[in-house]
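Hi everyone, thanks for coming.

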Amino acid sequence: MWQPGLPWALALLLTAAASGPSAEPAEPASIFADLSPAELRAVRAFLMERPELGLSPSRGGPLAKNSLFLVELLPPPKRSALRFLEHGGPRPRREARAVIFFGAQAEPNVTELAVGPLPRPGSYRALPLAGGRAVPFWARPMTRLEYELLHRALVAALAPLEPLLREATGFGFQNCSERCLTFSDVAPRGLGPGERRTWLVIQRFVEGFFLHPAGLEVLLDHGDPDPRRWAVLRLWYNGRYFGGVRELAESHARGALPLARLPEPPARQLFSSYEPRGRFPSGTPTEVHGAKVCEPQGRRYRLRGNRLEYGGWSLAFRLRSSAGLQLFDVRFGGERVAYELSVQEAIAFYGGHSPAAMQTKYMDAGWAMGASSYELARGVDCPETAAFLDAHHLLDADGPVRFPRALCVFELPTGVPLRRHFDSDFQGGFHFYAGLEGRALVLRTTSTVYNYDYIWDFLLYPNGVLESKVHATGYIHATFYTPEGRRYGSRVHSHLLGNIHTHLVHYKVDLDVAGSGNSFETMDIRFENISNPWSAGARPCVPCGWHGWGSRAGVGQEPRSPRLSPPLTCGRYHLAVTRRHESEPSSSSIYSQNNPWDPPVTFESFIRDNETIEDQDLVAWVTVGFLHVPHAEDIPNTATPGNAVGFFLRPFNFFSEDPSVASRAPVIVRPLDPPACSRLQIQRWTPASPGPCVHPEPFTYNGTYRPV
C-alpha cells in the first residue's frame, strides 16, 4: 500500500479517460479468460502514466523504487458472473489485478490494485488485504533485479575465498569463463518478521547444477534497499560454521581447514545429465519409437478460446501467473457441478543438517509457479496429437512475455476399459460380451520452480468423474553430503545428500451441485449385528450406512494421499469445508513465502469463524501430498511413477444411471448360435477400423519465452 497522507484518498477512483466499447468475444467463458497481450500492455501503460504512482521500469535502477511487479486477470465476483451466465445479466466488468512495489518512500510496502475496465482501463482502486494491512516491503517476492544484485554482492564478498574454491572445486566466481560457480537460494528468508536474510547454496554451474553443491553455504543479509549495506553474516563449509568470510579464508590459508575436494566433472555422460548410459539386460530395442497416442478420425473435443467441451463436459480455464491452473463454470450435461476448481499452493518442507536444508520451506506461489509454465515438448510432455496453447504473463517485466506451448489438451487412452463384462454360460461359451474403451480428456500444464517440475493435470472422464492430479519430477533439492546429514536423507552420489521432504498441494473446490446452496455430509459405514430373517438363531454381521440411492444429490471426494500435518495452516487439514466469501479467494498468497510468520492470508481464519455450512455456498479445500525420501534412483531426476497425488470428484446418485451410456464407443458381442458360438453379432457405433495412426511431423522445440 502506498504511504497514507498523500493528498488523495485510497478509495477514490482515479478516472483518466472514458472507456471505449469492449472488444471481447461473445463467448461467455471469455469472462474468465486470461488477459491478452494487448490488455496487459494497456494496464501497464495506464499505470505507468499515473504521476501519483511514480512508477519506474522493472529492469535496472535501484531496488528502492516504485515498480509494477505483476498484472493478471481479476476474476469477476461470483454473483455477477452467475447473473451473466444464467440469467442473461450484463457482462461483468473486466478488470486486472496489479501488484505494485512501493519502494521509493519512507515506509515501503506492496499494494494491490484493481484496474479497469478492460480493454481500455480508465480507473483503479486499492484491493483490500486481510485486516486492511499493507504488505511490508521486506515480504515482497524476489525480482530479477534483486537476484542480479545478490549475485554481484556474493561475488564481491566471497573474493577472499577464491583460492579455497578453486582448489576444492576447480571452479570459481572471479573471471571464471566456463568454469563458474552459481548459487540456489532457499526460503523463508530469515527467522522472524522484518528479516530478509537468505541462505545461498554454492554450486558448480554444470548441466544439472542442482546436484553439484560445492560444500559451501552462505547467509547473506539483503534486507536494506541499498545493496551497499548487504553483508555476509555466516558461512557453513563441509559441516562447520564460520562467523565470516575472513575466518574461513584464514582457516584455509593456515592449512587448518579440511577441504572437500570434488572430482573433475566429465565432459560427457555427467551423472546429472539426461545422456543415455548403460544398457538394459533384455536387449529389447529402445532406439525406436514406442507406442503413441493417435486420433484416427480427428479430435473428439472442442476448444474455443478458453472454453473446452468434451462429451458431457464443458468448462472455462485460465493459467494464473501467481498460482497456475484455474477452472471455472465446470458443467456436465449442461448442469454446473463446480463454479471453480483451482490450484492454490504447492509446499515442500525439508529436513537437513546443513543450514540451507533445515531452513528450506518452499511455498511455490511465492515463486509465481503459474508463470513458470515453460514450453511443453510435443511427444514427450504431451502426445503429438495434443492441442497446444500459448500463455502470456506480465511478471517482473516491462511488458507481456509469451510462453509458447504452455498448456496442452489431449484425449488419452487410459489403457483400461471404462467398464466391461463377459457374461459366461459356464459351458465353454458366453451369453454376451460388452465393453467401453477407457478414455479421458486431459488439460495439462507444468510449473518448473527452479529445480522441481510439477505436471498439473485435470482429467475429464465420460462417466461424470473429474480427476485432479499432480506429478512431481525434476531435480531433487540436494545439499552437500556430510556423515551427520545421513539422519535427514540418503547419500545419492559421492558428495550429494538427498534431503527428506514433504510435498503438499492445496486445491480450492467451489462445488455448485444442483445450485449454489449445498451442504456437507459424510458417509459413515459400520457393521451391524442383526438376526438372520431366514434362519432362526443365526446373526450375520453386515455393513450398513445411512447414505442410499435417492438421497440428496452430491459429489463425493476421494483423496488419494494420507493426512499430513505441516506447520502451514492450509496443510493441517486433509479436507476442510467453509462458507464461500469473495474476501477469501485463495488459501495462500505470493507473500507467504517471505512472510510465513504473519502472512496476509491465513487459512486458519477461514474455518474459525464458526459459520453454518448447511444449505450454503460452500468451498471444499483439499490437501494432498506425499513424503519423499530421496534415493539413488532420483538421479538424474525424480521419476513420475509413484510420485503423483490427487483426488476425484465423483457423482453420487446425481444421475439416474452412468452417464457414459451416451457414448457411441461401446462394443457388444452376442453369439447367434449358442452354445456353439460359431456365429457372432458384433455391434459397434464407430467405424470398424480406426485407420492409420501415425503423426507425420518431426519433433521440434523452441524453448524461448520472449517479450511480445
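Predicted model: local features only at pLDDT ≥ 70, side-chain atom pairs only at ≥ 80, totals over all residues.

As a reminder, side chains of opposite charge can pair when their charged atoms come close. In this model, the count of salt bridges comes to 46. One of them joins R336 and E86, with 2.3 Å from N to O. R336 sits in strand β15 and E86 in helix α2, so this pair links distant parts of the chain, 250 residues apart. Are the two partners buried or exposed? R336 has a relative accessible area of 7%, and because buried means under 20%, R336 is buried. E86, at 43%, counts as partly exposed.

Another salt bridge connects R419 and D658, at 3.4 Å from N to O. Here R419 lies in strand β19 and D658 in the loop between β33 and β34, 239 residues apart. R419 is partly exposed at 34%, and D658 is partly exposed too, at 27%.

Now to a sheet. Five strands form an open sheet, in the order β6-β7-β8-β9-β10, with antiparallel pairing. Its edge strands are β6 and β10, each pairing on one side only. Between β6 and β7 there are 5 bridges, and S184 stands opposite V201 in β7. Helix α3, residues 144-157, packs on this sheet and touches β6, β7, β8 and β9.

Last one: D185 forms a salt bridge with R189, at 2.9 Å between the closest N and O atoms, and both residues are buried.

Note on methods: Residues numbered from 1 in each chain as written. Heavy atoms only, no water. Pairing = 2+ DSSP bridges. Helix = DSSP H or I, 4+ residues; strand = E, 2+ residues; numbered from the N terminus. Contact = heavy atoms within 4.5 Å. Axes fitted to C-alpha atoms, helices over the stretch in contact; angles between N-to-C directions. Salt bridge = Lys/Arg side-chain N within 4 Å of Asp/Glu carboxyl O. Buried < 20%, exposed > 50% of the residue type's maximum accessible area, 1.4 Å probe, protein only.
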